[in-house]
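The sequence and structure are shown first.

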Amino acid sequence: MTDVAKEPVAGGNVGMGTEYLEVRGLTVDFDGFKAVSDVDLTLFQGDLRFLIGPNGAGKTTVIDAITGLVSASGSVSKSGVELLGKRVHQIARHGVGRTFQTASVFEQLTVLQNLDIAAGAGRSWWTLLRRRSGVLPAIEEALDLIGLTDLAEKPAGVLAHGQKQWLEIGMLLVQNADVLLLDEPVAGMSHEEREETGNLLRRIGGERTVVVVEHDMDFMRAFATSVTVLARGQVIAEGSVAEVQANPKVQEVYLGTAAAGAEGLDAAASELIEENS
Amino acid sequence: MKPFVGRWQTWAGFAVAAVVLFGVAPAVLSSFRLGLLGQYLCYAIVAAGIGLAWGRGGMLTLGQGVFFGLGAYMMGMHLKIADAEIRKQAVPDFMQIAGIPELPGYWTPFASPAFTLFAIVVIPTAIAAILGLGVFKRRVKGAYFAILSQALAAAMAILLVGQATLGGSNGLNGFRTFFGFALSDPVNRQMLYFIAAATLLVVVAVTRQLMQSRYGELLVAVRDGEERVRFLGYDPANIKVVAYTAAALFASIAGALFAPIIGFITPAQVGILPSIAFLIGVAIGGRTTLLGPVLGAVGVAWAQTLFSERFPSEWIYAQGLLFIVVVGFFPAGLAGLGVLLRRRRRRRDPAPEPDPEPEEQKVGASA
């Protein structure tokens, strides 16, 4: 574990001086159907932002748009560099990394090989054409952080579901991404695995911008520093966990009609979780 | 997948191969059989490239005949010009018969041996690189890529049949000399075999380096998760095009050696059927391994000769059946079968490490 001087806090822990991601008027149009319309997000380094919302709210589409998987209009700038319109691998090289709902590690390769590939986007052909020798310090650190040091030589395909997700997060770390977009990282995990994942996000969130798309409200309450709620492709609320839970618009979205307070949100959330599992 | 063979085992492997190819084979085989083995080694060179592109890179290259043919025809053109020069004739024999009075413009550079060797390396490489980038950048893959590459092979064969200046469907034949050495002399034919054997060893060494390098790991990653690799900051097209180009280069070199060894090159040797035939040995030997494709190509070609000498018409059915059985039931080929047996033996012994490996169980259960 690294020495965490900075805990992630709402609004970021270092102000506007360093890395940030600024999304303005992001709109994704699928043949006339606006999956995401006019979304604004401002994310500073050191924020652990949760992106929640009912199914079909456009959470994953926002991540897809930021990472260049779907084309969008509006603006996404990372520390002043416009990302929209760049290709997927170029955006990745600007330090925006993501995971997917289904863990997508390279199952035939070992844990170490997975991490080594993730760390190598800037390698020259000369380096590529030679053999891997030794383990990069950054990879050793990541292995330690995600708790897979003992499994480094195992093929990633034999890892447990939770371990695969951690490996993916480790790959983002060695990729040197400072904006991490995680799509339902704890889906399908056991309670202990969720706990460990949350702590992992806390540890890495201090020095990076982490966005987590999540359905699990308990998980969100335990680890989020700030929350953005999406519904029908639009941002309907943003703030701390308590602020968002108290927001009548959010309650309405989750309950359909009558607001029933924070407990109501809980009930809706557990319903959602059941739907998803 | 942990191809971690120690350094001395590698050298020992190459030493054994060298002893077999340069010592044992010439000693025990007749001149005729040695010539056949030389042909098989050419197939093996093509197979090494297919193993890299298909086995490791997931690109089903159904059209290697194109590059094989390019190499073979370019070499053939040079040999025909050289033969004509020795006999003080302006054009090769088949052009005289066809009534072509002087060398066509595109033939003239091939009078130079240096240019010919240069072209055999550079032209197929350039074509493969341009074609590969065009195709892979547009994210054409899977069956579409396979069909496209096969269509190219068909187009190439059809194009060649129509070219009177390349001998039409007869192709180029009757080579008498190879860079000044008379091909009627068995010693020179043996030299050709040695060149093919040495080339194969070099190609295997290069393929091994490509497979075991970081590039090789990346290539497997692209094969198994092209989109994921993109999100790590790589352009998969650039990764794939290198393996595709290497395979094309190997095929071209193999073709250039094949033409003088067998003594002719025709459109029938570059079309769809030979392109698929290249694949059969690779699939049977084990496409993801280094030596599987090489040994598979030699083995299938050898078996083809043996069987078709005794049962000329049955072999083609046996070959088809073998291909279906291997692709359908042993996708990893014979090399994969070896791994399977080793794992079974290990499982029967009391396992020293109690790590559950679902992969193993799955393979065991399906067998």
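Helix 1 of chain B has a kink of about 35 degrees, centred on B:V20; the bend at a residue is the angle between axes fitted to the seven residues ending there and the seven starting there. The model is predicted: local features need pLDDT of at least 70, side-chain atom pairs count only at pLDDT 80 or more, and totals for chains, interfaces and linings use all residues. Residues are numbered from 1 along each chain as its sequence is written, while chains are lettered from A and ligands numbered from 1 in the order in which they are written.

Helices here (H or I, at least four residues) and strands (E, at least two) are DSSP runs, numbered from the N terminus. The count of buried residues in helix 1 of chain B is zero. A residue is buried if 20 or more other C-beta atoms, placed from the backbone, lie within 10 Å of its own.

Chain B as a whole has 15 helices and four strands. Its radius of gyration, taken over C-alpha atoms, is 22 Å, close to the 21 Å that the globule rule gives for 367 residues, so chain B is as compact as a globular protein of that length. That rule is 2.2 Å times the number of residues to the power 0.38. Of the 367 residues, 43% count as buried.

Within chain B, the axes of helix 3 (residues 64-86) and helix 6 (residues 143-161) come within 7 Å and cross at roughly 35 degrees. Axes are lines fitted to C-alpha atoms, for helices over the stretch in contact, and angles run from 0 to 180 degrees between N-to-C directions. Two residues are in contact if their C-beta atoms, placed from the backbone, lie within 7 Å.

| Helix of chain B | Residues making the contact |
|---|---|
| Helix 3 | B:G65, B:V66 and B:G69 |
| Helix 6 | B:L152, B:A153 and B:M156 |

Finally, 21 residues of chain B are in contact with 29 residues of chain A. Helix 8 of chain B gives the largest share of the side that touches chain A, seven residues.

Methods:
Buried ≥ 20, exposed ≤ 12 C-beta atoms within 10 Å, placed from the backbone.
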